[in-house]
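Dear colleague,

Please find below the structure that I am handing over to you. My notes on what was found in it follow.

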Amino acid sequence: MNRLLNKVALISGGAKGIGKYTAQLFAKEGASVIIGDKDLLTCKKIATDISSEGYQCSALYLDVTKESDWVNTISDVMSNFGKLDILVNNAGIYSTIPIEKTPLEDFNNVISVNLTGMFLGTKHAIPALRAAGGGSIVNMSSTAGLVGNIGSGAYGASKGGVRSFTKYTAIQHAIESIRANSIHPGPIDTDMLADKLANLESRAASESKVPMGRIGTVDEVAMAILFLASDESSYITGAELAIDGGLTAR
Ligand code: NAD
């Protein structure tokens, strides 16, 4: 399968979970993949594993909250690959603290990684995507960006911001064929969910909220990211796609 043949794709937060699986899938679909993460050691190992299977993948240090890191990342991509076609703003953190107990620092930290990080990535990728004649930005929101839930509120606020910012990006850059869409997963089996299940609600309680009655898998999310990243979705921009077993359809 070569659904991303000749594409250059940058994925933030690619060291584990959804980002890691998306990197593997993109590489198998023919893309040159660059994964950026704060956890450079793990990121390098994943890139080596993917490359050892005969695919193209490299790793770099990226803290999505730092503008200088984004400048360096895009510059690295351009000098090593000559272009950028796809950006997946995937890096994210969660917070389980109830609203009235949430320290300001914690709230700001969640906003900084999940929302500001996505803004900075978009800002610095746009000139590169424009130079490539267009491209696709896939932003990782959540069902928490569509409906309310228990927790700190910072996560929901950040993911709601991602949803809205995605539509602004889509409108402002549609004429340049730079597309932007948001993905809204429900509970997906990763370390982030494990943290939520350890602190907020049991696995059974989480599953019982989902009409399909189960937690989703990383490949179920990655397949949707692949579609929105590829030219198969060439007339789709500003859209939001829930991957949630029906959670938000009620
Ligand atoms: P994860 O915790 O397994 O992986 C997150 C990755 O982001 C890690 O590799 C981590 O090192 C990286 N990261 C964190 N802060 C960073 C920073 N400042 N700069 C660069 N990298 C950073 O999480 P996941 O479940 O794979 O989540 C991926 C995305 O999907 C997140 O945006 C998350 O909010 C979203 N999401 C997850 C679920 C779920 O249930 N797992 C549901 C909805 C949305």
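How many cavities of 30 Å³ or more does the count come to? The count comes to one cavity. On a 1 Å grid over the protein atoms alone, a cavity is a set of points where a 1.4 Å probe fits but cannot get out, and lining residues have an atom within 4 Å of a point. Grid points are joined across faces, edges and corners, and a volume is the space filled by probe spheres set on the points.

Please note that this is a predicted model, in which local features need pLDDT of at least 70 and side-chain atom pairs count only at pLDDT 80 or more, while totals for chains, interfaces and linings use all residues. Residues are numbered from 1 along each chain as its sequence is written, and side-chain values use heavy atoms, with hydrogens and water left out.

The overall chain

The protein chain has eight helices and seven strands; these are DSSP runs numbered from the N terminus (helices H or I, at least four residues; strands E, at least two). Its C-alpha atoms fill a box of roughly 45 × 35 × 35 Å along the principal axes.

The largest cavity

The largest cavity holds about 60 Å³ of space. Its lining includes Ser12, Val64, Trp70, Asn90 and Lys159. Helix α4 (residues 104-131) gives the most to this lining, with four residues. By class, the lining has six nonpolar, five polar and one charged residues. Here Ala, Val, Leu, Ile, Met, Phe, Trp, Tyr, Cys and Pro count as nonpolar, Asp, Glu, Lys and Arg as charged, and the others, Gly among them, as polar.

The ligand

The ligand is surrounded by 27 residues, the closest being Ile18, Asp37, Asn90, Tyr155 and Thr190; a residue is near the ligand if one of its heavy atoms lies within 4 Å of it. This shell divides into 13 nonpolar, eight polar and six charged residues. Helices α1 (17-28), α5 (154-173) and α6 (191-199) each supply at least two residues of the shell.

Three polar contacts (pairs of N or O atoms within 3.5 Å) may be inspected:

- A nitrogen atom of the ligand lies 3.0 Å from a backbone N or O atom of Val64.
- The side chain of Lys159 has an N or O atom 2.9 Å from an oxygen atom of the ligand.
- A polar backbone atom of Ile188 is 2.8 Å from an oxygen atom of the ligand.

The protein covers 92% of the 840 Å² of accessible area that the ligand has on its own, by the Shrake-Rupley method with a 1.4 Å probe.

Yours sincerely

Conventions:
A polar contact is a pair of N or O atoms within 3.5 Å; within protein, one must be able to donate a hydrogen and the other to accept it, and residues adjacent in sequence count only if both atoms are side-chain atoms. On a 1 Å grid over the protein atoms alone, a cavity is a set of points where a 1.4 Å probe fits but cannot get out, and a pocket is an open set with protein on both sides within 12 Å along at least five of seven lines; lining residues have an atom within 4 Å of a point.
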